[in-house]
Each structure stands twice: as structure tokens, then as C-alpha cells.
Amino acid sequence: SPSPSIACPDSMSEPPTLDSLAAEVAALKATSLGTNAQALDAFYLLVCGVFVFFMQCGFALLEAGSVRTKNTKNILLKNLLDACLGAIIWWLWGMGVAYGDSGDYDDGNEFIGTAPNNGGPFAAAGWEGRDWQESGGEYYGYTMALWFFQYVFAAAAATIVSGAVAERAQLIAYLIYTTIITGFIYPVVVHWVWCDGGFLSGGFTGDKDKTWAGGCIDFAGSGVVHMTGGVAALCGAFVIGPRAGRFDESGKVMPIPGQSTPFQVVGTFILWMGWYGFNPGSTLGINGAGYGAVMARAAMCTTVSASIGGLTVVFFDRIFSKTYDVGMVCNGILAGLVSITAGCATVHPWAALVIGMIGGLVYRGCSHCVLHKLKVDDPLDSSSVHGACGAWGVIAAALLTTEEFAAAAGYQRRAGLFYGGGKLLGAALLQMVCILAWSGTNAGLVFLLLKKAGKLRRRETYMAAAPEEDLDSSIHGGAPLEPAEHGSGNTSRAESVDTSDPVIEMPDATPDKDQPAA
């Protein structure tokens, strides 16, 4: 937008006074600062979004290290497609379902985003016209940066599910459920909690009387992102069934170790780093009054919770298993990160310590229950790390939020239960029930229909007595680390597939103490 100019008086006008000149300078500075503030916020979102996008690399390494070598290409391809397919879906309709026009709440749709007359965020149709750009002025670039930031969140939610069905799911099944999660299940939850007009939006719906109990506090997505993805992951792992050899004839858990502990550790560190875009970046800007303090508090609480989560899990796992399991430490760190995501900006650092410690215990207990009691094979513990700890994070924010921190983070001045407030807990419980019902019902239905159609799992992997199929050789042209032959890349499928009779290795008689390192 054009900057105001200081008028030069002609000979017939009165000479400017100090007050008039000061007013002109102030107007010039205000316009310039306003434009620069929007540019700064847009740049901040892009930088934080890149951190979150790099989490896809962390997921890829963690998942590749947690599966067997023969399925490495398969899981890496799915991680790549998460980023590619997710971007197109989020551009076409995902952003619109999440942040589309909600009307004025009385006649708008508080359940799901809809398209305004110009198309709005659907395929960015409403962002392309000259009139919109001119009327939006300096906000135009910020809107595009916000789209990118929200896209990488959606991609993260979809990736959570891939680990739960690793080494078994057909590629076509993966593409279908990723499309539905990214384009429908996840953005609807976003609309409830993070969109103006959402019935659970404690930070964005202007008239809090129109929300249930004033809305919930889920600053960066313990419920919106992680619980939504974790519930879908549990449904997928349950419906697809365990990997061949995971349980013996008596139902005892048998170990299926992942291929690379270094991959798991590096992947965990990358995810931890990405969380500093995930949580502090959820201020959605850096220029507002107090935003710097909110961002810094989120970073500190994220660090404290992650650290104590890893320490708690390794301590208690040592007591029960008599070993120091590196994979359990990795998942303990992730459990602490997921647990603090909802309240990272609204709780004290000492509260983050408590949240991360309990989050580690929640993960350890849920992981044992899912595998040993429910007999659900979740190779990366996605349902426990993201689903159970995501639910705990939502509750923890409702218990330990302080009034002043809530107000600074953009919410009403409301305290958690431990500070004399009670409505936040009611809203948090409703959020959990809604996510459990919405994500569980829709994801379960999708996986059941895929299974009924014979498109969910590789047919060969249903034979419990046979070794699990080598997905890399059968559909990806060879093992990931095969030496090149004749000066080219991997061997062809015909050359790489071993046609000899398979040798079924007898598993170790020692039962698995819990999940494989993941």
C-alpha cells in the first residue's frame, strides 16, 4: 500500500508547525511499521513451517529404523507421498474445510468450513483476484505463509498413521486413507478448535458464549493433530492385523526388532528439533505484543517436557525389563513432546516437568496394554505416543493453565482446574470425546471398507505360518542397500527376488518385553 507523504506547503499556505510535522511523521512510521510487521510475521511462519516440514525427514528415519530392512523402500515411499499428496489435497480443499467461511456463527457452519462466493481458500481461488490482493494489502503474503504452515501440520497428522500399519499395508490403501485423513478427518477437527466460529475454539471464536464452555485450550495440537492421528492409527493397526510372527500360537508376544537404532535416534532428534517450529510457531506471528514471551515460554516448556519424558521412560523401563532400551527412550521423548503441545504456552515450566513425566508413564502403560492386552501390533507405538499422550496433553492444559499465560497466548483469562477454574476441563473432555468419536468412526470405517474390498493388506502377508512378504523386492525393484550391478542402481525385480524356498527362522524363545525399539 502507498505510504503517506509529507505535504510541502506552497507560498499561499500556512507554514507547518512542529505538531503537524510530528503527526505526519507518526502516520508515515505507523504505515511502514504495519507493512513490515506483516512481512515479519509471514517470514516467521515460513521459517517455523520449514522446521515442521523437516519433521517428515525425522518420521522417515524413525520409521525406516523401526521396520525390517526388506520393507525400507516401502515405508520411505509412503513418507514421500505424505508430503506430495498432502500438499495437493490441502491446496484443493483441505484448507477450505479447515478454515473456510463460517458465516457469522448464527447462520454459518460451525462444524465444517464452506466456500464463500469467491471460493476462498478452496484451491486458493479467492486469493488470486486483484481485488482481493489489493483489499488484503500487506495481509496477502501472510495468508499464503499461513497456508504453508497449516499444510505441514496436516502432513504430520497423516504420517502418524503410516507407522501403525507399517510392513503390511498396500500402497493403494495408503493413498486412500491418507487422502481421507488429510482432506476430511483432520481439517474438520481443525475447524472445531482453531477456526473462528468453531464450537470448541477457545482462541479464535470471538463470541465465547457461542462456544461450548468457552472453548478448549489446545495451543499447538495435542488433540487436533496428535490425538486425531493416534486414534486413526489405532484403528488401522487393529483392522489390518498383526505382522506374521508377532504372536505365537499361544498369543505370546514375539520380538520383531527394527533394522537400525541409529536411524531411530537421528529421527527422534530431528522430530525434537521440528517441534520448535511446531509449538513456538503456533503463535502464528512474532510481531504482536507479548508474542516473543509466548514463543520463548513455549520453547522452554517443550524442552523440559521432552527431556523428562525420556528420563521417566528409561527409568521405569529399566525396572521392568532390566535393560536400557534406546528405542524406549526415543518414544519417551516423543511422548513428552506430544503431551506438552496443547499447553506449551499457557503453563509454567515446572508444570511442563510434571506433564512430561506423566506423559512418559502414560506412554509406557498404554504401549504395554495395546500390545500385550489388546494384541494390536503397532510397530512404532503411534497410537500410544500420539493418541494416548495427545489426550493427556489436552487434559493437562485444562488442569495447569494460568490466567495470565492464557490471556497472553490469545485466550480468555481463564485458569485451569488446579488454579480454581473448571470450565476448561469440561471443554477438554468434550474435545477428547469428539475427536475419539469422529476420528475413530471415520478411520475405522475407511479401514474396514478397504479390508472388505481386499485392498488393505498384501494378500501374502495374511498367512501367519509364512514369513512376511518382502515388499521392497516385490513392488519396489529391490532392497534399499543392494550393491549396484553393471554400473546402474539396484538390481531389477527379476534379479533381486529370491525364488528359492523361504527359510523360516524360529523366533527367540524369550518373549518380547514390550514393543520393538521405535
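These legends describe close-up views of a predicted model.

View 1. Of its 518 residues, 53% count as buried. Among contacts with a separation of 6 or more, 76% join residues 24 or more positions apart. The exposed surface comes to about 22000 Å². Carbon and sulfur atoms supply 66% of that area.

**View 2. Helix α6 packs against helix α11.** Two packed helices are described by the angle between their axes and the distance between the axes. For α6 (residues 222-240) and α11 (residues 382-400), the angle is about 145° and the axes lie 7 Å apart. The crossing is left-handed. On the α6 side, the contact is made by S222, G223, H226, M227, G230, V231, A233 and L234. On the α11 side, S382, S383, H386, G387, G390, A391, G393 and V394 take part. The contact residues divide into 6 nonpolar, 10 polar and no charged.

**View 3. The largest nonpolar core has 111 residues.** Y151, F153, Y186, W192 and F278 touch the most other members. Helix α4 (residues 139-164) gives the largest share of this core, 14 residues.

**View 4. F153 and its contacts beyond four places in sequence.** With neighbours within four places left aside, F153 is in contact with V52, Y186, W194, A220, V225, F278 and S282. Two of these partners, Y186 and F278, are listed with F153 among the core members that touch the most others.

**View 5. A second core stands separate.** This core has 6 residues. Among them are I160, A164, V370 and V376.

Definitions and conventions
Residues numbered from 1 in each chain as written. Predicted model: local features only at pLDDT ≥ 70, side-chain atom pairs only at ≥ 80, totals over all residues. Heavy atoms only, no water. Axes fitted to C-alpha atoms, helices over the stretch in contact; angles between N-to-C directions. Helix = DSSP H or I, 4+ residues; strand = E, 2+ residues; numbered from the N terminus. Left-handed = near helix turned anticlockwise from the far one by under 90°. Contact = heavy atoms within 4.5 Å. Nonpolar A, V, L, I, M, F, W, Y, C, P; charged D, E, K, R; others polar. Core = buried A, V, L, I, M, F, W, Y, C linked by side-chain atoms within 4.5 Å. Buried < 20%, exposed > 50% of the residue type's maximum accessible area, 1.4 Å probe, protein only. Areas by Shrake-Rupley, 256 points an atom, 1.4 Å probe, with all protein chains shown as cover.
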